[in-house]
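Please open the structure in a viewer and keep the selection panel at hand.

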Amino acid sequence: MPDDAPLLSVRDLRVSFRTFDGQADVLQGVNLDVPRGTRVGLVGESGCGKSVTMKTIMGTLATPPARVTHGQIMFDGQDLLTMPAARRNRLKGTDMSMVFQDPTTSLNPVFRVGHQMEDIVRWSDRRRGIQRNHKARKARVLEVLEMVRLADGERIYDAFPIQLSGGMRQRIIIGMALLNEPRLLIADEPGTALDVTTQDEILRLMDDLVREEGLSLLMITHNLGVVRQMTDHVYVMYAGSVVEDSPTAELFDNPSHPYTKALLACVPKLDGTATYEGIGGSLPDYTDPPAGCRFHPRCPHATDRCLTRPPAFTVRPGHTAACWLHEPEAHA
Ligand SMILES: Nc1ncnc2c1ncn2[C@@H]1O[C@H](COP(=O)(O)OP(=O)(O)OP(=O)(O)O)[C@@H](O)[C@H]1O
Ligand SMILES: [Mg+2]
């Protein structure tokens with residue numbers, strides 16, 4: 001396994017759901033890479049399939065109603081979709097860990113924080129076949145509370161979640177994800193349940209931790225500001241597939257897919273040239289999606305060509321756009 005191979009590599013991932021209205025083909029062949037030590041963003045409007053992608057990677061998608069119909073999820077050179085369930089379960093919460101958006105759903109109100117954190121250590125020790133006593137487990141918990149910059153760890157260890165502020169609870173959630181020294185952290189909109197100042201502190205903390213601990217980060221968000229602040233490379237998703245991917249700075253300088261352009265045009269600008277146009281139309285019905293490029297019914301540049309699904313064309317090195325406008329011959 002060469003070290004420059006991505007830590008996580010998703011290839012042509014397709015996921016469908018059985019619904020009352022028929023089969024919903026949600027993921028339409030998602031491709032994305034998280035190279036080691038990098039921060040990768042996955043962005044797109046609500047309902048485009050970000051969480052389905054993340055849950056499929058983590059192995060937490062309920063099947064049924066979901067079904068993975070095709071694809072590969074390579075983690076450190078091994079396909080998560082074909083490995084034995086026991087091995088995959090060992091990776092979950094250890095080598096790859098999740099940070100959730102809403103601290104209130106991830107912390108149990110009736111148990112002390114330290115108790116809940118120690119449970120995670122005990123559970124993963126068992127999976128890894130190691131044994132630590134209470135003192136050693138508590139020491140690890142206190143170490144992690146310090147890592148997430150919570151002073152007075154002993155007090156927090158003994159506290160109930162309700163006794164702590166939202167920002168402190170979010171730090172604990174991040175700490176819980178770090179307890180087992182993961183290599184990949186997957187974050188689904190961390191801090192969005194908080195006020196903007198606290199959210200900013202949480203994002204900075206995550207950024208510091210990624211650097212200090214040498215983690216790889218997959219950050220899921222619909223906030224382009226967060227993408228700009230927190231990621232090195234970004235994938236833009238629309239209706240179940242990646243329509244553009246690029247180094248982050250390049251994406252903001254040179255957005256190439258009509259959907260990305262529309263998405264950026266919705267962001268208010270500091271100089272007052274804000275455009276609040278929004279994107280006309282809405283996401284397609286996944287039980288009856290449009291043929292070809294799923295964005296074409298909303299796209300100002302759509303032609304008959306778009307009834308055939310475009311592949312990802314290279315716009316610049318490291319930057320692709322799945323749009324016929326970028327087909328090399330089109331420039332000739
Ligand atoms: N259990 C399910 N049954 C049927 N369809 C589902 C199910 N879960 C998700 N979907 C479909 O998948 C689509 C994508 O959902 P997903 O949760 O991945 O969106 P998202 O990009 O994470 O949006 P948000 O930004 O709102 O979190 C939904 O619009 C829905 O049509
Ligand atoms: Mg989501």
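## Helix α5

Select helix α5 (residues 134-147): at 1.5 Å a residue, its 14 residues should span 20 Å, and the end C-alpha atoms are 20 Å apart, which agrees. The expected span is 1.5 Å times one less than the number of residues. Helices (H or I, at least four residues) and strands (E, at least two) are DSSP runs, numbered from the N terminus.

This is a predicted model, in which local features need pLDDT of at least 70 and side-chain atom pairs count only at pLDDT 80 or more, while totals for chains, interfaces and linings use all residues. Residues are numbered from 1 along each chain as its sequence is written, and chains are lettered from A and ligands numbered from 1 in the order in which they are written.

Within α5, colour Val141, Val144 and Leu145, the buried residues of the helix. Viewed down the axis of α5, these buried residues fall within an arc of 105°, so they line one face of the helix; the arc is that of the directions from the helix axis to the C-beta atoms. Lys135 and Ala136 are exposed, on the face turned away from the buried side. A residue is buried if 20 or more other C-beta atoms lie within 10 Å of its own, exposed if 12 or fewer, and partly exposed in between, with C-beta atoms placed from the backbone.

Next, display α4 (113-128), α6 (153-158) and α7 (166-178), which are among what covers the buried residues of α5. Contact here means C-beta atoms, placed from the backbone, within 7 Å. Arg149, which follows α5, has a positive phi, near 60°.

## The sheet

Select the open sheet of 4 strands, whose order is β2-β1-β4-β5 with antiparallel pairing. Its edge strands, each pairing on one side only, are β2 (22-34) and β5 (78-79). Two strands pair if DSSP finds at least two bridges between them.

- β1 and β2 form a hairpin with 2 residues between them; 10 bridges join these antiparallel strands, and Leu8 stands opposite Val34 in β2.
- β1 and β4 run antiparallel, joined by 8 bridges; Ser9 has Met74 in β4 as its bridge partner.
- β4 (residues 66-75) and β5 pair in the antiparallel sense over 2 bridges; Met74 stands opposite Asp79 in β5.

## Ligand 1

Finally, centre on ligand 1. Of the 15 residues around ligand 1, Ser46, Gly47, Lys50, Ser51 and Val52 come nearest; a residue is near if its C-beta atom, placed from the backbone, lies within 6 Å. The elements giving two or more residues to this shell are β1 (8-19), β2 and α1 (50-58). α1 provides the largest share, 3 residues.

Note on methods: Two residues are in contact if their C-beta atoms, placed from the backbone, lie within 7 Å.
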